[in-house]
Amino acid sequence: MTRKSISEQASAGLPSPVEAWIDRYRHNGGLRQYVVYLAFALILATFSIILHDDGFLSSSNLLNIGRQAAPIAVMAVGMAFALAAGEIDLSVGSVVALSSLVAAEIVGNHGFLAGALAALGASALVGIVNGLITVKVRIPSFLVTLGMLGIISGIARNWNDLQSLPIRNDRFSGIFGAGGLGPVSSLLIWIIVVGTIGHIALHHLRWGRHVLSTGADRDAANAAGINTARVKISALVVSATAAGFAGILLAGRLSIGRHDLGEDYLLTVIAAVVIGGTNLFGGRASILGAVTGALIMAMLNNGLILMGLEVADQLIARGVIIILAVALSMREAKES
Amino acid sequence: MSSAPALVASGISKAFRAVQALDDVSIELQHGRVTALLGDNGAGKSTLVKCISGLYQPDAGHIFVQGTEHRISSSRHARELGIETVHQTLSVIDPLDVAENLFLNREHTRGGWLGARIGLLDKRRMRQECASTLARLDIRIPSLRRSVGSLSGGQRQAVAIGRAVAWGQQIVLLDEPAAALGVEQTQRVLDLIINLRDQGVAVLLITHNMDRVLAVCDQAVVLYQGRKCAEVNVPDVTKDDLVSYITGARGTG
Ligand SMILES: Nc1ncnc2c1ncn2[C@@H]1O[C@H](COP(=O)(O)OP(=O)(O)O)[C@@H](O)[C@H]1O
Ligand SMILES: [Mg+2]
């Protein structure tokens with residue numbers, strides 16, 4: 001029997017960074033990991049050409065896309081953790097509205113910080129309830145959060161009799177959506193901040209590795225001593241809190257809290273996350289992919305409007321594109 | 001090394017609804033000895049391992065580790081008591097890389113107190129220690145940064161075994177660790193078991209291969225339909241004896 005010497009093996013275990021990268025590229029899915037970025041480039045190029053005369057590439061339009069993408073991107077980062085943990089959160093749209101209303105209610109008398117914290121706290125609470133019921137009562141999270149969607153939507157509608165609550169606080173609006181640093185909208189900065197935190201949490205924190213482990217193989221994670229119940233609850237708290245932050249960004253940009261903010265975001269968010277390479281059934285997630293997916297969804301939305309499609313046709317086109325894109329990314333995932 | 005047995009499980013019973021998976025089974029693991037746990041499919045071997053490693057709570061019975069009784073409430077608790085397990089099916093996490101699997105739930109953190117609180121991973125240190133640990137165990141993996149899901153069945157199994165034996169634990173339970181392995185890799189696992197034994201570790205080995213039992217095991221416990229039907233010193237028996245215990249044709253009482 002021929003065996004490599006120990007030192008040879010040890011060095012084989014730690015190849016140069018370039019070799020390591022190429023090896024990982026080949027064995028962790030090859031080009032498939034980058035499909036979402038190619039799609040982004042392709043759609044951007046296509047719209048740039050066919051919508052050139054409609055000002056698609058104008059800086060104000062690009063800024064517009066970024067603004068629209070911000071709440072979707074923030075929710076997508078949170079949803080990526082819920083999916084990675086093997087759960088799903090269908091209540092996020094209603095949490096956006098709840099958060100905007102709580103913020104509007106509190107900001108007036110207690111200032112922008114108290115308003116934002118109260119909104120985040122209320123959202124996190126929804127996540128805790130979602131998580132506890134899912135884990136302790138053992139009801140699948142898609143049912144728990146579907147029920148929660150109804151409950152929170154109802155609360156939001158009753159909050160102020162379907163009327164919007166105004167937010168008259170320049171700092172709140174400035175920090176969370178309407179303002180910016182020089183020419184850079186604060187919404188773009190928030191996309192980067194939330195995306196970076198999400199990426200670090202997934203790849204560089206113990207918690208992120210435990211979320212992935214739990215979603216990939218709960219029994220194996222349990223056998224390794226991971227408290228998978230707590231991990232699942234925390235992932236649902238993160239997704240609800242992220243939705244709450246998206247609500248703050250919408251409330252900041254529009255200077256209102258209202259019961260229907262975020263109402264139609266759910267499908268868009270899930271599409272963004274899944275197109276971005278996160279597995280709908282747990283164990284694989286990409287934060288950069290989710291943010292890029294959100295940018296794609298915002299770009300599609302914007303492009304379809306510029307193309308002059310009626311609202312009804314936009315809905316149809318968006319639905320078709322989402323199904324196609326998700327089908328494509330799921331097929332890629334199965335092959336890898 | 002204390003003179004008490006590394007582990008004593010006595011009178012263990014466990015039922016799943018109508019199925020009595022274990023009925024009053026006792027087993028003793030000694031430091032520096034390899035104990036075979038034998039039995040046909042469904043005899044209750046994996047269930048016994050899970051009772052010892054904290055995944056199942058037995059309905060009845062007592063477990064003593066180094067002479068002290070413990071109710072092992074979770075796999076974390078078992079680990080703290082020095083018991084490490086390679087389960088038959090529950091093993092590695094596919095999307096994590098080799099080093100992340102080896103250190104799963106035992107991660108090194110960096111950044112001092114704050115880093116430890118938020119769990120900021122020290123990936124470099126984990127990779128380096130992983131490389132030296134695998135080298136020490138003579139386990140060869142092409143790249144530690146590759147996701148385990150992209151490795152061959154044998155390599156995945158090797159990672160699972162490496163994870164169990166890397167920590168200097170005193171009691172190691174191996175539930176069919178070589179089932180997915182080729183000839184050379186199987187030999188490596190057997191070498192590893194001998195190595196552990198020589199270091200004074202108490203090893204429990206579940207296998208269906210009688211040649212391996214005769215090659216590395218000191219004693220054998222045979223289960224038949226949830227009951228212990230034989231307990232023998234391996235040098236005293238033949239392959240045919242073991243087979244007849246397993247099929248229930250014969251027992252030592
Ligand atoms: N989690 C479980 N739920 C229900 N029945 C189980 C469970 N685990 C094992 N059993 C049953 O207990 C018996 C022993 O199983 P097991 O310990 O896996 O046997 P072995 O490992 O010896 O093949 C079998 O009849 C099996 O079907
Ligand atoms: Mg078994």
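## Basis

The structure is a predicted model, in which local features need pLDDT of at least 70, side-chain atom pairs count only at pLDDT 80 or more, and totals for chains, interfaces and linings use all residues. Residues are numbered from 1 along each chain as its sequence is written, while chains are lettered from A and ligands numbered from 1 in the order in which they are written.

## Helix pairs in chain A

Helix α5 (residues 92-136) of chain A packs against helix α11 (residues 228-254) of chain A at an angle of about 150 degrees, and their axes are 7 Å apart. Axes are lines fitted to C-alpha atoms, for helices over the stretch in contact, and angles run from 0 to 180 degrees between N-to-C directions. α5(A) and α11(A) are therefore roughly antiparallel (angles over 145 degrees; under 35 is roughly parallel, 65 to 115 roughly perpendicular, the rest oblique). The residues of this contact between α5(A) and α11(A) comprise 27 nonpolar, 11 polar and one charged.

Helix α4 (residues 59-84) of chain A and helix α8 (residues 186-204) of chain A pack at about 20 degrees, with axes 9 Å apart. This angle makes α4(A) roughly parallel to α8(A).

## Around ligand 1

The residues surrounding ligand 1 include F16(B), V19(B), N41(B), K45(B), S46(B) and T47(B) (a residue is near a molecule if its C-beta atom, placed from the backbone, lies within 6 Å of it). By class, this shell around ligand 1 holds four nonpolar, six polar and one charged residues (Ala, Val, Leu, Ile, Met, Phe, Trp, Tyr, Cys and Pro count as nonpolar, Asp, Glu, Lys and Arg as charged, and the others, Gly among them, as polar).

α1(B) gives the most to the shell, with three residues. Eight of the eight residues of α1(B) are buried, among them K45(B), S46(B) and T47(B) (buried means 20 or more other C-beta atoms within 10 Å of the residue's own, exposed 12 or fewer, partly exposed in between, with C-beta atoms placed from the backbone). G54(B), which follows α1(B), has a positive phi near 90 degrees.

## Chain B as a whole

Chain B has nine helices and 10 strands (DSSP runs numbered from the N terminus: H or I of at least four residues for helices, E of at least two for strands). Of its 253 residues, 49% are buried.

The C-alpha trace of chain B spans about 60 × 40 × 40 Å along its principal axes.
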